[in-house]
Every structure is written in structure tokens, then in C-alpha cells.
Amino acid sequence: MLKILVVDDDKNSRDIIKLTLENSYDVDVALNGVHALELIKNKSYDVIICDYVMNEVDGIEVLKKLRKLGSNAVFILITAFGSSDIAIKAIQEGAYEYLSKPFKMSKLKQIIQNIEKGLSESKVSTETNKSESNYDEQLIAESPIFLETLKEMARVAISDVPVLITGESGVGKEIVAKSIHRYSKRSKYSFVAVNCNAIPGSLLESELFGYEKGAFTGADKGKPGYFEQAQKGTLFLDEIGDLEFDLQVKLLRVLQEKSIRRVGGVKDIKLDVRFIFATNVDLDKKVQEGKFRADLYYRLKVAEIRVPPLRERKEDIIPLANYFIRKYNTFNREIKLSNKAEKLLLKYDFPGNVRELENMIRASLIKARYTGIILDEDLNIKEEFVKDTITKEDILHVLEKTRNNRKKAAELLGVSRATFYRLLRRYNIV
């Protein structure tokens, strides 16, 4: 039977968790972090469920001290004050899971059951990352799906394996790559980013590998390439799916041999580089079509992280918008989103993802500099995109709410009266 310790200075919270689990497991409770550390010294636990915000010793400190005591207990951090920064720190300190309150007890039970099944085989990493760096605020994770992405990112960061980041254009793959570097043991060294599409194919090899003096016309002196510039650090190769076939062969050799030879050179140069790759194309399909080498593909995706599109992480839209307002507001006044603007942003699917939202906010700030309010019309979201997200149920609901006042109903839905009447005809609402 699993031995579980529940640590929470909120009596109701710890009692609910204890009642949920005690029929199946041996459950103890600790009143706070100090009490938990006393119990851990005298009893071995398989799982520790710990709140983050507590007086004297918080959840992260409990985890750190737990590891110093040599305990390999599976650690689950819970908190009502969730942030992606806390999640990343928790995972990097060796936490197995991170839960934001409120959460369903059924979810906690499922996690415990998974731990019980795999405890004999699983090894919870206790590696810590000692580097200190500023958190990139653009990694905002209010949505459960993106929080899961950040957890995976944190786990990958403490290793040194190649990473393949996938996702649509504009989702923030480079930001994720930078964060992997920032939270890795290589954070004190260079992060070198290369967009493989931005450099002509005829130049990309010499840019990546560097060249020796006289290697070609115009090579008046030797030059180190991106591989060498990233020594001891991280090399991020974006749009890797569009790499020409001959360069795919050479990149495969670099990954296998961990060395390069400059263009026109005669000696090999050893590399100590962490590789991160990104693509917005389906590499599986490219491999099947014979346009991408299968052996290189499997070398790239030792670890794979999918960055979800913004339409799958609606909870992040308003926090991201507010972040971009703070970032780009150069006017001498506070600027906020109007309620209608927020509603419009939440309805929109953002085909251009986070990059589109960023550009939208930058443009709208110019219009809002005099009023201090970003209106829905300032966002320049075309009405035809919005109307496609409005369902028949939405229309019936607002008609009932406005007592069939169609002018007010159109306003509530954020569309013009002409568009509203077209929607009525589409859904045969009389």
C-alpha cells in the first residue's frame, strides 16, 4: 500500500484530500512545511502531496529539503496561485506533477493510480538547475494545455538530448526553445538561433559550418559558422523541415559524430552543443514522401514538444494581450482592453497565433493612446471571421436575454445589425 503524506496549512484542503485517498492508501497529514519535514525524517513516504503557499517553508523549499534528505518520494505540488514560473521550478526541482487549484479529486486519484502502476519502473529525476535567469513573460500559461507543454519543456531542459519543437507558424516555438536553453545547464553560454528558410540554400552550408580562407571567391579570411558560435551553448535550427536534402545528410553526420569540418577545411572540429529544432510542417508526411531523411528525423525527435495553437489555449489570450499592452505601451497613460474587445478576442480563432495577437495589440495601441481604452473596432478583426464562431444557440440565448430586441442582441454578439440579420437567415430564426 502506498504511503502518502498530505502537506497543507489549510485544514479543509488537506482533510478533503485525506478523505479522498485514505480508503485506498496509508495517508498522513502535515499541518505545514516544518511539520512535514519532521515527519519525513522519521517515516518513509512513497508520495508527497504538498501545497505551495505556506508560512515559514513553502512547497518548493519542502521539495528541495526533501531531496537533500535523500528521499525519492514522488512529489506533487498544488497551489491556488498558479504560474508557469512556479510550474517550471517545481518540475526542475524534481516534482512529478503540478496541479492548480481548484482541481478535481478524480484527477488527483488518477495521478496516484498512475504512480502506483509505474512506481517500480519510474525514476523521478532529482537533478536541479542552479542557473538563475529572468523568466520570459511571454510564456504565459493560464490554460491547462499550455501548462502541460511547459511541464514537458521543464523536464526536457534538464537533459541534454536533441529536441524537436512542432507547432503552427506564430505559436512561439523560438520562445520555447529559448526557455529550454534558459533553464538548462548551458544557460551561461550562447543561444544561437538560425532560420533555415531565411538563408539561401547556396549560403546555408557555409553559414552553418563556417569556412576557411580561400574556400571560395570572396573568402578573404576564415569565419566560424553557427555550429562553432554555439559551442557549450544551444543551437536552435528553425524551419528544419525545409532543409535541402544534401544538407540533411551533413546535419545527420554532425549529430552522429559531434564534429564539423569548415567549408574548405581539412580538420575536424569537435562540438559541445545542445541542438533544438523546430518545424511547422508534418515531418512524418515528408519522410513518407521521400523529402526528408527518416534517419535524420529520428535523430531530431529524441524529445518532442508540441506547442498548441492559440485557439486551443483560449485562457491565455487575455493575459497575453495584457502582456503585449504593457510591453508596447510607450504612451504616458494606462491602456486597457474594453469588455467588448476582450469578448471579441476570445471569439476569434487567431490563424496567425500569438504573433498575430501581438501585432494586433501593437496596432490597436496607436488608436487607444488618447482614450486609454482599446475598443473592439480597434482590433481590426474582420467581422466575417467572428460571425463564423457564432452558433444558433448563441443567437437564441441573446434574443431571450434581450427579450427579442435584435439591435441589443447584435451589440451583445459584437456584430453589425446587417450581419446579425444574415445570421438569422442562415439559421432560419424568425
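Buried, in this talk, means under 20% relative accessible area, exposed means over 50%, and partly exposed is anything in between, with a 1.4 Å probe and protein chains only. By that rule Cys50 is buried, at a relative accessible area of 0%. Cys196 is buried as well, at 7%. A disulfide would be a pair of cysteine sulfur atoms within 2.5 Å, and a search of the whole structure finds 0 of them.

Some housekeeping before I go on. This is a predicted model, where local features need pLDDT of at least 70 and side-chain atom pairs count only at pLDDT 80 or more, while totals for chains, interfaces and linings use all residues. Residues are numbered from 1 along each chain as its sequence is written, and side-chain values use heavy atoms, with hydrogens and water left out.

Now the chain as a whole. There are 19 helices and 16 strands; these are DSSP runs numbered from the N terminus, H or I of at least four residues for helices and E of at least two for strands. The C-alpha trace spans about 80 × 70 × 50 Å along its principal axes. Of the 430 residues, 47% are buried. Contact, from here on, means heavy atoms within 4.5 Å. Taking contacts between residues at least 6 apart in sequence, 70% join residues at least 24 apart.

Next, helix α7, residues 173-182. How much of α7 is buried? The count is 8 of its 10 residues, so the helix is largely enclosed by the rest of the structure. The buried ones are Lys173, Ile175, Val176, Ala177, Ser179, Ile180, His181 and Arg182. Their cover includes the helix α6 (144-157) and the strands β6 (163-166), β7 (191-195), β10 (234-238), β13 (274-279) and β14 (303-306).

Val171 sits in the loop between β6 and α7. Its relative accessible area is 4%, so Val171 is buried. Beyond four places in sequence, Val171 touches Val307, Pro308, Pro309, Arg313, Asn353 and Val354. Pro308 is 137 residues away along the chain, yet the two C-alpha atoms are separated by 7.0 Å.

On to helix packing. Two packed helices are described by the angle between their axes and the distance between the axes. The axes here are lines fitted to C-alpha atoms, for helices over the stretch in contact, and the angles run from 0 to 180 degrees between N-to-C directions. Under 35 degrees counts as roughly parallel, over 145 as roughly antiparallel, 65 to 115 as roughly perpendicular, and the rest as oblique. A crossing is right-handed if the near helix is turned clockwise from the far one by less than a right angle, and left-handed if anticlockwise. For residue classes, Ala, Val, Leu, Ile, Met, Phe, Trp, Tyr, Cys and Pro are nonpolar, Asp, Glu, Lys and Arg are charged, and the others, Gly among them, are polar.

The crossing is right-handed. From α4 the contact takes Ser84, Ala87, Ile88, Ile91 and Gln92, and from α6 it takes Leu147, Leu150, Lys151, Met153, Ala154, Arg155 and Ala157. By class that is 8 nonpolar, 2 polar and 2 charged.

Helices α13 (317-328) and α15 (353-368) have axes 9 Å apart, at an angle of about 50°, which makes α13 oblique to α15. The crossing is right-handed. Among the residues in this contact are Leu320, Phe324 and Tyr328 of α13, and Val354, Leu357 and Ile361 of α15. The contact divides into 10 nonpolar, no polar and 3 charged residues. Val354 is also one of the residues that Val171 touches.

The last pair is α17 (392-401) and α18 (406-413), with axes that come within 9 Å and cross at roughly 130°. These two are therefore oblique to each other, and their crossing is right-handed. Asp394, Ile395, Val398, Leu399 and Lys401 of α17 meet Arg406, Ala409, Leu412 and Leu413 of α18.

Asn197, in the loop between β7 and α8 (201-209), is partly exposed at 47%. Outside four places in sequence, Asn197 is in contact with Glu239 and Asp242.
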